[in-house]
Amino acid sequence: MRGYPPLCHQRTDAPQATASDPATLLAFIDSAFKTHRTEAAVAAANDLARRFPDDSQVLTRLATVMAEHSQDERAAELFARVDLLHPHSPKVLYNLGVAEYHLKRLKDAAHALAESADLDPGPADTHFALGLIASETGDQENAILEFRHALERAPSRADWYVLLGQAYSQAAFWQGAAEAYEHAIQLEVRGAGHYLNLGDALFRANQVKAATEAFERAAQLDPNLPEINYLIGYAYRTQGETDKAYEYFRRQLTLTPQHLESLANLGAIEVERQRWNEAENDLQKVLREAPDHAEANFALGLMYSRRGEYERAVEVLRRVLRLRPDHLKAQYELYMIYARTKQNDLAQTALAEWKTLEALDREVRRELANLEHAREARYSHSPQASDPDEVKSVGREY
Amino acid sequence: MRSIEWKYLRGSAAGILLLMAGGGMLTAGDEQQSHVKRFENSETKLQVALQEATSRLQADPQNVQAHLDRGSTRLRLGQLGAALDDFRSAVSLNPSSADAQAHLCFALWMAGSLQPALAAVREALARDPDNPSALRYAGRLLLLTGGDRRTAIQYLQRAALLKPEEADVHFDLLMAYRSDGDAPRAWAQLRLLHATYPSDNARVLYVEGLLAQDQGRSDFAIEHFRQAAATDPGLREARDALAKALVENRRWDEALAVLGPLTKDNPQSFLAAYLYALTLYQVKATREAEAEARRAVNLGPGSSDAYALLGDILAQEGRQAEARDAHQRARDLDSGNRDEVRKKDQ
């Protein structure tokens, strides 16, 4: 957030601290900071503030110089003084808020910035600063609102779209997050991280194909992104494209040989391909490190079942259901084993349990859809409709 | 060495519901508010709201909504008695209001009067069976008071259906299914929470830890409690669960590191004091253990466990007469508890 626009012109000559006019002294202070003569700069600043205690113009310019050189405590004091002399100036309040933000006094910062935004809702920076504070204090609702207001006024800020996307993600509104990241990408196509964020949001919004493309683009831009090959592999596997998935899990394991999730997925694919030795090898590697890995256990159980080793299969599948009592596929496989081995009573019980889990699964999906709709209704309306701030001066800078 | 008894603990942390979830959503009305109003710190907001509601009541002392607003504000300001007065006034002014009864229920609950709270929420539901707040309170209260779990679950399910945007109810449902021993449904709720909240959400980490703990996967549970407590140090349940799990697993050094700050932050917590005393005793810090056990006894004078632990510590210090007294007190409390149970059974 540093770098708010200066309020005074900087001079390049080297004035002396002994000068009496404020402009010369301000130039000296600025120059002293730039040449690392901090003590001299601070002494001159104190002197200037003492000599012009009621001159809000001088104090404002001094505060700006102090803020530009990270003297936030002093800058905040000076802006607060100016606010006392001339209350209700949106510029002063904005600068005071920014200084307080740098001092991590977020409540004071929010107070000053909010007053500034009410007095003049035009400048995008004020809304952005408020959004940042809301986001840092876990107030995602206000963060979303303020980032949106900021972007209505400065629609070319890719970094702000990323923050809006993050706020939407925190609120679990994945569609909104995906749209925000897409905007960021349109403005700044080279950001691998943007594609990664986009892929994650799209995947969570159940747009798996688009998510896969986003992950692949991220990998093209930065092949060293951790876990990127695993993510692509997982997205392909979710779409049923196991050949491609297999390839990417392999790539991930070439880079990080102990990547358990890639190993577990690879093992599961090998079970589907009936390559028992490779499957067992990969799955056992996972289970040695993580004996409670539900999916690796499930793949192993499935393998035993396919090989006709029903006793072992039942044992492992029961373990899966202990770990994940809602594991639909494990319950179904258990039923199939009992049916194949003509254990009719057990088969009937297992089938009934599977039906219960299946109904439960449908229920969860329905509730998730309800939640997503509720979020959509909450956030998808036109930003302008919710914006009480008529944009009076778009693009205006302090 | 004293064997660890978990009589008290078994009945406590496992049944705690997650109260007071994170901040609510902004309503459309909130969005229209000024920036200053939206970003006011909560104390200031509450004081302003209190003044506004009081002014409305001065103009019209029969204004039920103003009583409810002022009561809610007072409740959030910690003025429990005054809040109860407001809610009772609202109920007497409009006995047919489900909202007024629901507010009264919540305040009674916060005051620790669970049975009266349950009675109030039943009144609320009699007036409006689809009042989402009343349904949620009724579900939670039934679970807390050992009432019918199936009914509690039905109330919570109905609340979730009526207000799908309130994802927090799924935490309640998870805990309800868990206490009902319905692991598949509890895990299904976790799946829903995983899809709804970011992966580092402290409350999701905490409940996942609880589910793993139910399966006896203590390392996994401890790790999740630890992450939850680190992500949100204000989530007391996670810190309590972490401390308890570490003690149960006899990971004394780690328990010490957690319990020291926990007892400082929660000086009125019997559970923290008891666990800290037990841990100090186990690492042979007998003098500190005694001080902490005495604090536990003061905080939970009806706990036979705390007296028994104090007795053990005193015995280890060679103060046999005092130890005998403490052990005798523990036995008396134990038999008193047994008599109580027998009476109830009869």
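1. The contact between the two chains of this predicted model draws 32 residues from chain A and 29 residues from chain B. On the chain A side, α6 (106-119), α8, α9 (158-170), α18 (310-323) and α20 each contribute at least two residues. The largest share of that side, nine residues, belongs to α20(A). Sorted by class, the side of chain A that touches chain B holds 15 nonpolar, six polar and 11 charged residues. For the model, the ipTM is 0.75 and the pTM is 0.79.

2. Helix α1 of chain A, residues 22-34, can be checked in the same way. Its 13 residues should span 18 Å at 1.5 Å a residue, and the helix agrees with this because its end C-alpha atoms are 18 Å apart. Buried in α1(A) are Leu25(A), Leu26(A), Ala27(A), Phe28(A), Ile29(A), Asp30(A), Ala32(A) and Phe33(A). These buried residues pack against α2 (38-51) and α3 (56-68) of chain A. After α1(A) comes His36(A), which has a positive phi near 65°.

3. Chain B contains 20 helices and zero strands. Of its 346 residues, 44% count as buried. Where contacts in chain B join residues at least 6 apart in sequence, 44% of them link residues at least 24 apart.

4. Confidence in chain B should be read by region. The average pLDDT of chain B is 87, and 88% of the residues score at least 70.

5. Two domains are assigned in chain B: domain 1 spans 197-248 and domain 2 spans 250-337. Their centres, taken over C-alpha atoms, lie 24 Å apart. Eight residues of domain 1 of chain B and 12 residues of domain 2 of chain B take part in the contact between them. The domain 1 side of this contact is made up of four nonpolar, no polar and four charged residues.

6. The largest nonpolar core has 219 residues, of which Cys105(B), Val121(B) and Ala277(B) touch the most other members. Helix α17 (residues 270-282) of chain B gives the most to this core, namely 11 residues. The core lies between domain 1 (197-248) and domain 2 (250-337) of chain B, because both give residues to it.

7. Which residues are in contact with Val121(B), once its neighbours within four places in sequence are left aside? They are Gln101(B), Ala102(B), Cys105(B), Ala134(B), Tyr137(B), Ala138(B) and Leu141(B). One of these, Cys105(B), is itself named with Val121(B) among the core residues that touch the most other members.

Note on methods:
Residues numbered from 1 in each chain as written. Chains lettered and ligands numbered in written order. Predicted model: local features only at pLDDT ≥ 70, side-chain atom pairs only at ≥ 80, totals over all residues. Domains from an automatic or database assignment. Contact = placed C-beta atoms within 7 Å. Nonpolar A, V, L, I, M, F, W, Y, C, P; charged D, E, K, R; others polar. pLDDT = per-residue confidence, 0-100. Helix = DSSP H or I, 4+ residues; strand = E, 2+ residues; numbered from the N terminus. Expected span 1.5 Å × (residues − 1). Buried ≥ 20, exposed ≤ 12 C-beta atoms within 10 Å, placed from the backbone. Core = buried A, V, L, I, M, F, W, Y, C linked by C-beta atoms within 7 Å.
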